[in-house]
Structures are given as C-alpha cells and as structure tokens.
Amino acid sequence: MAVSGLGPYDPQNIFAKILRGEIPCRTVFENTFALAFHDIAPKAPVHVLVIPKGPYVSFADFSTTASDAEIAGFTRAVGHVASLLGLDEAGYRLLSNMGAAAGQEVPHFHVHLFGGAALGPMLHR
Ligand code: 5GP
C-alpha cells in the first residue's frame, strides 16, 4: 500500500537492515512478531521503538494489510515491552508517525514508546 508519499516498501530502509542484523541495535525484546530496541536519539529517559517483523511501510499499511495474527502479536508485544521496562505503574506514551504530515522518517512501521519521566503535553506547537 503506497500512501502519503511513502511509496512501496523499501527493503533497504534502516529498520529492515536492523531486522536483518546488518546494522546493530540495542535490543529490548524480540519474538515472532516484533523487535523492540532503543532509539538512537532518545527524546525521553526511555525511548524504545517497536517494529513488526513484516514489511509494512506505515501504520496505514500495517493496519490494512497485516494478518490478524500479526496485528495481535505486535500489539501484545508493545504492551509486553512496556511491562518489561517497568513502565506500567508510572505510565507511558505510545506514538506512531504516519506519513508526511507527521514527519515519518523511516518507512517501516514503528511505534515509539516513551517513559521514565513526566512527558508533558501531547503535542508541542
Ligand atoms: P519517525 O520520525 O520515522 O517516526 O522516527 C524514526 C526514529 O528512528 C527516530 O526517533 C530516530 O531517532 C530513529 N532512528 C533512526 N535511525 C536509527 C538507527 O539507525 N537506529 C536506531 N536505534 N534508531 C534510529
């Protein structure tokens, strides 16, 4: 699915390279459906990216194209990672940039998981 200027899936995007082990990452969790790793430029004390294993460009692509098993597995993995990081009690923020207006930089669907501090207002304008 090509949406919002992202084009078709590019297997040379940086997260595809991380999934293939061609570029290192600081892994937090991995299973059949998802890989979670620390963001290289953290914007909160905890800033982890959770990505599906399959080749999905964006949330729009993932939510319409992925199987129910992939969507369930990925969603459960995101929650599991938050628990693993000890964020359930204090709380955390999930964010996914989709396309140009949101400033999505990497064309492999990912969820940002922020925590470890009071995160302030949802959007800065
Ligand atoms: P987006 O703007 O696409 O929602 O977010 C992309 C995120 O990927 C950014 O927060 C950026 O810091 C992170 N990122 C970009 N390249 C790398 C990389 O090579 N390794 C890791 N761990 N994170 C990266």
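Let's start at the ligand: one of its oxygen atoms sits 2.7 Å from a backbone N or O atom of E105. What you're looking at is a predicted model, in which local features need pLDDT of at least 70 and side-chain atom pairs count only at pLDDT 80 or more, while totals for chains, interfaces and linings use all residues. Residues are numbered from 1 along each chain as its sequence is written, and side-chain values use heavy atoms, with hydrogens and water left out. From the ligand we'll move to the sheet, then to a few single residues.

**Around the ligand**

- Which residues come nearest to the ligand? They are D39, N97, E105, H110 and H112, out of 17 residues around it (being near takes a heavy atom within 4 Å of the molecule or strand).
- V106 also has a backbone N or O atom by a ligand oxygen, at 3.0 Å.
- For I40, a polar backbone atom is 3.3 Å from a nitrogen atom of the ligand. (A polar contact is a pair of N or O atoms within 3.5 Å; within protein, one must be able to donate a hydrogen and the other to accept it, and residues adjacent in sequence count only if both atoms are side-chain atoms.)
- On its own the ligand exposes 520 Å², and the protein buries 86% of that (accessible areas come from the Shrake-Rupley method with a 1.4 Å probe, and for residues only the protein chains shown count as cover).

**The sheet as a whole**

- Five strands make an open sheet in the order β1-β2-β3-β5-β4, with antiparallel pairing. (Helices, H or I of at least four residues, and strands, E of at least two, are DSSP runs numbered from the N terminus; two strands pair if DSSP finds at least two bridges between them.)
- At the edges you'll find β1 (27-30) and β4 (93-95), each of which pairs on one side only.
- On average, neighbouring strands of this sheet are turned by 20° against each other, direction ignored. (Axes are lines fitted to C-alpha atoms, for helices over the stretch in contact, and angles run from 0 to 180 degrees between N-to-C directions.)
- Helix α3 (residues 68-84) packs on the sheet and touches β1, β2 (34-38), β3, β4 and β5. Its direction makes about 140° with that of β1 (contact means heavy atoms within 4.5 Å).

**Strand by strand**

- Here's a bit of background: strands of a sheet pair through backbone hydrogen bonds, either parallel or antiparallel.
- β1 and β2 form a hairpin with three residues between them. Three bridges join this antiparallel pair, and E30 stands opposite L35 in β2.
- L35 also stands opposite I51 in β3.
- How many bridges link β2 and β3? There are five, again in the antiparallel sense, and H38 has V48 as its bridge partner in β3.
- Strand β3 (residues 46-52) is joined to strand β5 (residues 111-115) by five bridges, and the two run antiparallel. Here V48 stands opposite L113, and H47 has F114 as its bridge partner.

**What's covered**

- Four of the five residues of β2 are buried, so β2 is largely enclosed by the rest of the structure (buried means under 20% relative accessible area, exposed over 50%, and partly exposed in between, with a 1.4 Å probe and protein chains only).
- In β3, seven of the seven residues are buried.
- In a regular strand, side chains alternate between the two faces of the sheet.
- β3 is covered on both faces, with V46, V48, V50 and P52 buried on one side and H47, L49 and I51 buried on the other.

- H110 is found in the loop between β4 and β5. Is H110 buried or exposed? H110 counts as buried because its relative accessible area is 6%.
- A polar side-chain atom of H110 lies 2.7 Å from the backbone oxygen of H108. Leaving aside neighbours within four places in sequence, H110 is in contact with residues including F15, L49 and L95.
- A16 lies in helix α1 and is buried, at 5% relative accessible area. Not counting residues up to four places away in sequence, A16 touches Y9, P11 and H108.
- P24 lies in the loop between α1 (14-19) and β1, and its 74% relative accessibility is why P24 counts as exposed.
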